[in-house]
Amino acid sequence: MPHLNTAIDKIWEAVILMEDIPEPPNMGNETPPGRRSRELCAYHRFLGHTTSNCRNVKKITLRMIDQGKLNHFLVRPQQNLPPPPEGHAQDVETRRHTYLIEVGAKAKNLYCNSIIYSFRSIKYFHDNVLRRVYTRDSDRREILNLAKVSPLKDRQKQPISFTAEEIPGGAEQHDIPLVVKLEINPNTKTDEDAEDDANTWAINRILIDPASSVNILFYHTYKTMGGRDENLIPSTYKIYSFNGTTNKPKGEITMRIPLKSIFTEIVFCVVDVESPYNALIGRPWLHIILGVDSTFHQCIKFALPQGVGIIRGYPIEGKNCHEIDVDKSEERASKRRNWKR
């Protein structure tokens, strides 16, 4: 066992909150009376040995240490701070140096508190490489650029800014998430001249999450809109960071979001997860419309041919959804604590 800065029984309390640990087959089966002691094991839930001496607990803890999930419980050797580089600025009044902390890009213990998805196929993995092809002469000068990057149109180059007058509640400080209402049409547009407003749904409680790399449509919303499972395109990837677990999507569906004079098609990943929100829109759609979101100003701004378009948020709904989300998280944590007892 490596050197730990916390007792194993305390680390075990963190372990059961991080992962769903399967119950042992002999849970509750106490040792014979002659060998029984008053020591309680939180994993096996019977008297006989302590949690710190349980071999199963140590085995699970070691596995999670190898996965880099418990590095904050490891005792690290004391290291002196390196001297600042030459020419580094120094605070004249306090005579203190400013140090930089650099994190390795391939460190095993890195985590990201956002919703992400695995690569769909090897084609998508190499997509960033295949999209940037350059030809250079013998002097290493670039003579041909095959990068598939579309130039920005004039309307897309408009400056977008936020002012203090746009802050809801008279510049009142808040931590409310950005929740908006959008019109979503389940049918993709086939005829540019035809309008299909009859099938357009006004969906509220849509969370704007720029930290998410995938757009989510929750299953209960999809079924309410009349969606059928056979219309979903099977997905080959997994979604991470929902309730701290991995979820297999039910499939993908392409829908249309009309915004004034522009129409955007968006690929939703349909996930069957309990949520106070109807949908979650992340970076993919924001990048399509070249939108800039501000949770503090509770709005999204994007470029239009006529000027700058604005999508206003609904702070009251955002606050209600946030409170529901917190209550559900506390309820799940309480169930895990009760399971441990």
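Lys223 is partly exposed, with a relative accessible area of 39%. Its salt-bridge partner is Asp229, at 4.0 Å from N to O. Asp229 is partly exposed too, at 38% relative accessible area. The model is a predicted one. Searching the whole structure gives four salt bridges.

**Salt bridges**

- Asp229 and Lys223 meet through their side chains. Both lie between the cut-offs of 20% and 50%, so Asp229 at 38% counts as partly exposed, and so does Lys223 at 39%.
- Lys301 pairs with Glu166, and their closest N and O atoms are 2.8 Å apart. The pair links distant parts of the chain, 135 residues apart. Lys301 sits in strand S15 (residues 299-304). Glu166 sits in the loop between strand S5 (142-145) and helix H5 (168-171).
- Are Lys301 and Glu166 buried or exposed? Lys301 is buried, because its relative accessibility is 7%. Glu166 is buried as well, at 16% relative accessible area. The cut-off for buried is under 20%.
- Glu274 forms a salt bridge with Lys328, with 3.3 Å between the closest N and O atoms. This pair also joins distant parts of the chain, 54 residues apart. Glu274 is in the loop between strand S12 (262-271) and strand S13 (279-281), while Lys328 is in helix H8.
- The ends of this bridge fall into separate classes. Glu274 counts as exposed, because its relative accessibility is 59%. Lys328 counts as partly exposed at 31%.

**The six-stranded sheet**

- Six strands make an open sheet with mixed pairing. Their order is S6-S7-S13-S8-S12-S11.
- Strand S6 (179-184) and strand S11 (251-259) are the edges, each pairing on one side only. From one strand to the next, the twist averages 40 degrees.
- S7 and S13 pair in the parallel sense, over three bridges. Ile206 stands opposite Ala279 in S13.
- Helix H8 lies across S6 and S7. H8 runs at about 60 degrees to S7.

**Positive phi angles**

- Most residues other than glycine have a negative phi.
- Which phi value does Arg205 have? Phi of Arg205 is near 50 degrees, a positive value in a residue other than glycine. Arg205 lies in strand S7 (residues 201-208). Arg205 is partly exposed, at 24% relative accessible area.
- Leu290 is not a glycine either, yet its phi is positive, at about 55 degrees. Leu290 is in the loop between helix H7 (283-288) and strand S14 (292-294). Leu290 counts as partly exposed, because its relative accessibility is 31%.

**Helix H1 and the segment before it**

- Helix H1 spans residues 8-18. Its buried residues are Ile8, Ile11, Trp12, Ala14, Val15 and Ile16.
- What do these buried residues pack against? They pack against helix H2 (55-66) and helix H8 (315-340).
- Leu4 belongs to the segment before H1. Beyond residues up to four places away in sequence, Leu4 touches Ile11, Ile65, Phe73, Leu74 and Val75. One of these, Ile11, is among the buried residues of H1.
- Leu4 and Val75 are 71 residues apart along the chain. Their C-alpha atoms are separated by 5.3 Å.

Technical notes
Residues are numbered from 1 along each chain as its sequence is written. This is a predicted model: local features need pLDDT of at least 70, side-chain atom pairs count only at pLDDT 80 or more; totals for chains, interfaces and linings use all residues. Side-chain values use heavy atoms; hydrogens and water are left out. Buried means under 20% relative accessible area, exposed over 50%, partly exposed in between (1.4 Å probe, protein chains only). Helices (H or I, at least four residues) and strands (E, at least two) are DSSP runs, numbered from the N terminus. Contact means heavy atoms within 4.5 Å. Two strands pair if DSSP finds at least two bridges between them. Axes are lines fitted to C-alpha atoms, for helices over the stretch in contact, and angles run from 0 to 180 degrees between N-to-C directions.
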